[in-house]
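Here's a quick briefing on a protein chain, meant to be read with the structure open beside you. Take it one topic at a time and find each residue as you go.

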Amino acid sequence: MLKSNFKRSLRTLLSITTAMMLMTGCMDQIPEIQVTPEETSTGETKTTETTAAGVKSGGTMAEGKEGSADTKEPEKNGEVVLLFTSDVHCGMDKGFGYAGLQDVRDKFDAEGYTTMLIDDGDFIQGEAVGTLTKGEDLVKLMNSLNYDFAVVGNHEFDYGMDQFIKISEMANFPLISCNFRKNGELVFEPYVVKEICGIKIGFVGVTTPTTITTSTPKFFQDDKGEYIYDFMQDDTGDMLYEAVQKSVDDVRAQGASYVYLVGHLGMYDDVRPWTYADVISHTSGIDVCFDGHSHDTEHVVMKDKDGKDVPRFGLGTKLNVIGYSHLNKDKGIVDTNVWSWANDVSLPDLLGIKNKISKEIDNDDADVNKLMGKVVAHSSVELTVNDPREKDSKGQPVRMVRRAETNLGDLCADAYRDQTGADIGIINGGGIRAEIQKGDVTYGDIINVNPFGDTIVVIEAKGQQIIDVLEWGAKNIPDEDGGFIQVSGLRYEIDASVKSGAKKDDKGMCTGFEGKRRVKNVKVGTEPIDPSKTYTVAGINYLLQENGNGITSFDGCKVVQNNQKLDNQILIDYITETLNGEIGDEYKDPYGQGRIVIHDEGENS
């Protein structure tokens with residue numbers, strides 16, 4: 001009994017604390033989530049827990065209204081709460097979690113508010129559940145959450161156009177975008193207008209024009225390689241601004257008193273002139289902007305074209321942020337802001353939330369575990385990370401992938417080059433985490449090779465920059481280095497007798513080289529690399545954009561395909577589609593295909 005009461009008291013404390021965190025800054029506008037004690041007929045104190053689903057005496061917080069046959073629909077108070085999410089990227093059990101989001105929405109419904117739930121895009125890609133179900137499980141969850149509508153994000157296309165169309169048809173909620181076109185005609189409605197509690201509200205959806213390169217370009221082409229889809233990606237930005245302005249004017253003409261820009265635009269400097277700031281500053285009539293794509297949580301107030309203040313809220317990623325806007329017919333927009341969850345432990349895990357959504361997530365997890373074991377390919381060879389012969393001084397395997405070419409390194413780099421059409425594919429040895437055994441190959445086997453969820457990027461780099469990256473990766477040979485570069489479309493040699501001249505700062509970032517170089521005879525295809533020529537290079541964002549392993553040589557490079565598919569999705573597609581599910585003799589040598597030759601010529605060679 002003592003243990004049970006302690007757990008109830010702890011749950012009560014956590015619930016109250018969470019409610020205070022959730023409602024900070026808006027306590028006077030929208031209701032608190034409360035947990036209060038109640039005396040039983042025996043004199044024992046029990047908890048009466050107000051949850052998203054209503055009031056439940058005793059038991060866990062979110063058992064909700066299941067089993068409450070006499071639950072009455074609460075009287076509406078004439079006020080509206082809009083809830084916004086963005087860039088969930090399959091993080092259904094992260095941050096607030098979809099189960100926590102359900103409780104938040106249901107709480108407002110129980111208090112008499114009328115709610116809408118809106119997503120800013122990028123909801124079907126980012127983790128194994130998305131990869132293995134091609135986004136379908138995420139759409140099913142959003143159907144269960146009763147999303148009112150969603151904006152098309154750039155990663156909605158990552159499983160191909162056919163799958164995107166299937167997903168859009170599966171959704172019980174409309175997708176909107178004012179700038180996504182096929183053959184010059186909008187694919188979806190550009191906006192939504194809703195009249196709620198006597199308040200007419202317009203929502204304009206917009207998709208980043210960089211989608212044409214941040215997903216797979218061929219998905220937007222016909223069989224002849226001609227682009228038939230576009231996102232109004234003209235260099236001036238004028239087409240995008242005009243599309244947004246037209247949509248704003250249209251919803252105003254339909255009587256909307258308030259207009260929300262629901263953007264998947266972001267704030268990246270390299271996507272100008274299509275950032276949220278570009279759009280707001282070139283348009284008028286927008287009251288509030290909730291924005292995604294760049295995963296930021298910034299709140300800014302900026303001037304529109306007419307000099308009117310427009311607040312913009314970044315909605316983070318993986319459900320670490322929920323945006324909200326509270327409207328009243330007489331007072332208008334009463335309060336607009338975000339709630340943030342910065343803890344490593346998710347809200348559902350912290351509070352033990354169990355509701356209809358948590359049950360679906362549990363079922364999805366079980367299904368994913370089954371799918372991880374599904375055989376999708378066959379390998380006639382063993383693809384290795386470790387040296388098949390050499391051991392270290394303690395008898396442990398040597399991680400060859402971090403100091404020499406391996407067949408698995410070749411496979412991964414080939415996948416990046418094949419799937420993007422780049423001249424060169426690269427991957428750091430430290431990014432390859434598991435071997436693929438000879439025989440049947442499962443989804444789980446492939447995902448375990450690249451488990452970090454990095455995305456594939458294609459940049460334009462000069463030959464000298466590529467040479468410098470190879471030199472940096474070879475600095476510790478013959479010892480292991482997570483930054484050692486495995487390659488495709490490229491060959492190079494390393495003279496291990498030459499002392500590395502790589503220099504770094506106190507943070508481990510490359511600052512340049514001095515003295516003789518270890519790397520030489522670099523070839524792209526069969527031709528010597530030209531230091532002044534520009535090549536396209538495919539690799540993970542960690543290496544090409546984020547200075548992973550201390551690589552700085554690619555700083556400032558033009559990005560031509562940004563945040564494309566996940567690395568493990570690329571590998572799955574290469575193995576199952578390009579190789580037709582059969583990894584064969586071209587990868588039979590554990591030491592690779594001779595793309596990287598390491599030798600010791602002596603200091604005077």
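Let's start with aspartate 230, which sits in strand β12 (residues 229-230); strands here are DSSP runs of E with at least two residues, helices are runs of H or I with at least four, and both are numbered from the N terminus. Aspartate 230 is buried, at 14% relative accessible area; "buried" means under 20%, "exposed" over 50%, and "partly exposed" anything in between, using a 1.4 Å probe and protein chains only. Before going on, note that this is a predicted model, where local features need pLDDT of at least 70, side-chain atom pairs count only at pLDDT 80 or more, and totals for chains, interfaces and linings use all residues. Residues are numbered from 1 along each chain as its sequence is written, and side-chain values use heavy atoms, with hydrogens and water left out.

**More on aspartate 230**

- Aspartate 230 touches Asn179, Phe180, Arg181 and Ile212, leaving out residues up to four places away in sequence; a contact means heavy atoms within 4.5 Å.
- Proline 209 is 21 residues from aspartate 230 in sequence, and their C-alpha atoms are 7.8 Å apart in space.

**The whole chain**

- The chain has 15 helices and 32 strands.
- Of its 605 residues, 57% are buried.
- Take the contacts with a separation of 6 or more: 74% of them are between residues 24 or more positions apart.
- The accessible surface comes to about 25100 Å², and carbon and sulfur atoms account for 47% of it; such areas come from the Shrake-Rupley method with a 1.4 Å probe, and for residues only the protein chains shown count as cover.

**The nonpolar core**

- The largest nonpolar core has 116 residues; a core like this is a set of buried Ala, Val, Leu, Ile, Met, Phe, Trp, Tyr and Cys residues joined through side-chain atoms within 4.5 Å.
- Helix α11 (residues 407-420) gives the most to this core, with six residues.
- Which residues have the most contacts inside the core? They are Tyr98, Leu411, Tyr492 and Phe554.
- Not counting residues up to four places away in sequence, tyrosine 492 touches a list of residues including Leu470, Phe484, Val519, Arg595 and Val597.

- Why is helix α4 (residues 136-144) largely enclosed by the rest of the structure? It is because eight of its nine residues are buried.
- Among those buried residues of α4 are Glu136, Asp137, Leu138 and Met142.
- The cover over them includes α2 (97-110), β5 (114-119), α3 (128-133) and α10 (356-372).
- Lysine 134 lies in the loop between α3 and α4, and it is partly exposed at 40% relative accessible area.
- Lysine 134 touches Tyr159, Gln163 and Ile167, again not counting residues up to four places away in sequence.

- Most residues other than glycine have a negative phi, and most peptide bonds are trans.
- Aspartate 122 has a positive phi of about 65°; it lies in the loop between β5 and α3 and is buried, at 1% relative accessible area.
- Asparagine 183, in the loop between β8 (181-182) and β9 (185-186), has a positive phi near 50° and is exposed, at 56%.
- Just after α4, asparagine 146 takes a positive phi of about 60°.
- The peptide bond from isoleucine 477 to proline 478 is cis, with omega near 15°, and proline 478 is found in the loop between α13 (463-473) and β23 (485-488).

**The largest pocket**

- The largest pocket has a volume of about 500 Å³.
- On a 1 Å grid over the protein atoms alone, a cavity is a set of points where a 1.4 Å probe fits but cannot get out, while a pocket is an open set with protein on both sides within 12 Å along at least five of seven lines; lining residues have an atom within 4 Å of a point.
- Grid points are joined across faces, edges and corners, and the volume is the space filled by probe spheres set on the points.
- The pocket is lined by 25 residues, and His295, Gly453, Thr455, Asn541 and Asn563 lie nearest its centre.
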